[in-house]
Amino acid sequence: MVLAIVIAPARRLPPDKLKAAKLEFQLMMDFGIYRPSDSPWTNPHHMIPDPTHHGFQCAACLGEDLFKGGHRAFHHITVEQQDIKKTTVNTLFGLFEFRKMPFGLKNAAQSWQRFINSVLKEFDFVFACRDDLLIASFSKEQHFKHLRLLFAQYLTPTGQGKVNCGVSSLQSNLGTEEISRTDYLLPTHFQDSGNELALLQRLKKDQSEATLLAHSSQDLPLVLMTDTSSLAVGGALHQRRGSTLKPLAFFSRKLDKAQRNYSTYDRELLALYLAIKNFRYAMKSRDFTIYTDHRPLT
């Protein structure tokens, strides 16, 4: 199959963005991610405001920083040699092509997900979704044990085949610098007066009673609650633990113009249908109970 060559002209940039783009491209070339190109394929690049990154960042050069200090996590994946020429970016100061996978390709997110899954496959307590890691632990002590195992694996020098990253920044991103939901450290200027202490206790109470999603269990029964209004439908999937309902996920969707003209019965039925369709991955092959406030449906 012969592919048509894609050509895009270089986009003019104001002086501040042009300076930021040159710095970014030079940095990527220093890392070995970019290289000058003479490819006939050319793609435009976009500048995105970013106060932490020379004031702007090139959308064509974006990479998710999963491991801070490990440069760009996306850029640990090598582009197939025959496809490198297709990643060429056209700028006012030359053509550049990616040797490492850039953010924004059609299959970049899927490739990254497969990569991070393969990296973390030996840890059955870590769940990854692109650049976010969820570490599932039953206690605070076990959580820190899990973190130590993860750090011991990926805080070794790059020369040994691991990601080189800073301990404090990685710990910050993976949640070890935590504040307990019920234990707060008082600031040094805190005055133990009645009003301030009452406000602190109220803050602790509100934080501890905030709605948090529970981990799903195959052994607990499911409960689906749905409702509708004249503008939108919504649903909440729970699991029953004893006499308590623990939320697993929430769903909502705005009604289009035709759906807003439905009768109340039809809107309530639509809410049921859309909620079940949205949560089918969790409800398939399992018994569940539906709660609705519309009696005609029952």
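User: Which residue stands opposite Val233 in S9?

Analyst: Thr228 stands opposite Val233 in S9. A word on the source first: this is a predicted model, with local features needing pLDDT of at least 70 and side-chain atom pairs counting only at pLDDT 80 or more, while totals for chains, interfaces and linings use all residues. Residues are numbered from 1 along each chain as its sequence is written, and side-chain values use heavy atoms, leaving out hydrogens and water.

User: How should I read strand pairing, and what sense do S8 and S9 pair in?

Analyst: Two strands pair if DSSP finds at least two bridges between them. Strands are DSSP runs of E of at least two residues, and helices are runs of H or I of at least four, both numbered from the N terminus. Here, S8 (residues 222-228) and S9 are antiparallel, with 7 bridges, and a hairpin of 3 residues links S8 to S9.

User: How many bridges join S9 to S10?

Analyst: S9 and S10 (residues 244-254) run antiparallel and share 10 bridges. Arg241 sits opposite Thr244 in S10. The hairpin of S9 and S10 has 2 residues between the strands, and Gly242 there adopts a positive phi near 70°.

User: Why is S9 described as largely enclosed?

Analyst: Buried means under 20% relative accessible area, exposed means over 50%, and partly exposed lies in between (1.4 Å probe, protein chains only). In S9 (residues 232-241), 7 of the 10 residues are buried, so the strand is largely enclosed by the rest of the structure. For the protein chain, 35% of the 298 residues count as buried.

User: What does the secondary structure of the protein chain come to?

Analyst: The protein chain has 7 helices and 11 strands.
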